[in-house]
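Hi there,

Here is the structure I promised to pass on to you. Have a look at it first, and then read my notes below.

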Amino acid sequence: MASSAPSTPQIDTLKSKDNTNSPLRSQTTILPMARVKTIMKSSPEVENIGQESLFLITKATEVFIMYLTKLSQRYGNDQELTYSDLATIVSKKDSMEFLQDIVPKKIKYSEYLAIMEKENQVEDSFY
């Protein structure tokens, strides 16, 4: 009796799986590369920007934005994305901690005044 080895997928089958309409595999970008380049050049450490690096940073930014919005949609309403959904994800997820100054939780002005008053009282107690 001859044992048959498991068949391997044909090369054509593998190629067809790679040709999906995924935005991750697309050779085009959604964000304007000229705008990304302008933002990159605003940094004093950046002098020259190659086309390949510009494309990769633009694509990475798009992937990050998709990741952040999908996380926020899972938390909130799937139909609409709100600022509070984004702020909640940023405050709860450790990997998003670097965005806490950019996307803070909204608070009322009266709550802000109460926080500032408490901080002033703590500072005054040191003197």
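**What I found**

Let's begin with Ser-91, which lies in helix α4. Helices here are DSSP runs (H or I, at least four residues; strands are E, at least two), numbered from the N terminus. This is a predicted model, in which local features need pLDDT of at least 70 and side-chain atom pairs count only at pLDDT 80 or more, while totals for chains, interfaces and linings use all residues. Residues are numbered from 1 along each chain as its sequence is written, and side-chain values use heavy atoms, with hydrogens and water left out.

Ser-91 is partly exposed, with a relative accessible area of 39%. On this scale, buried means under 20%, exposed over 50%, and partly exposed in between (1.4 Å probe, protein chains only). Leaving aside residues up to four places away in sequence, Ser-91 touches Gln-100 and Lys-105; contact means heavy atoms within 4.5 Å. Its C-alpha atom is separated by 8.7 Å from that of Val-103, 12 residues apart along the chain.

Which residues of α4 (residues 83-92) are buried? They are Asp-85, Leu-86, Ala-87, Thr-88, Ile-89 and Val-90. Helix α3 (51-75) is included in what covers them.

Now to α3 and its neighbour α2 (residues 33-41): their axes come within 10 Å and cross at roughly 100°. Axes are lines fitted to C-alpha atoms, for helices over the stretch in contact, with angles from 0 to 180 degrees between N-to-C directions. That makes α2 roughly perpendicular to α3 (65 to 115 degrees; under 35 is roughly parallel, over 145 roughly antiparallel, the rest oblique). From α2, the contact uses Met-33, Val-36, Lys-37 and Met-40, and from α3 it uses Gln-51, Leu-54, Phe-55, Ile-57 and Thr-58.

There are also rings to look at. A search of the whole structure finds two aromatic pairs. One of them, Phe-64 with Phe-98, is tilted, at 6.1 Å centre to centre and 40° between the planes. Rings of Phe, Tyr and Trp (its six-membered ring) pair if their centres lie within 6.5 Å; planes under 30 degrees apart are stacked, over 60 edge-to-face, and the rest tilted. Phe-64 lies in α3 and Phe-98 in the loop between α4 and α5 (109-126), so the pair ties together parts that are 34 residues apart in sequence. Phe-64 is partly exposed at 31% relative accessible area, and Phe-98 is exposed at 55%.

Enjoy exploring!
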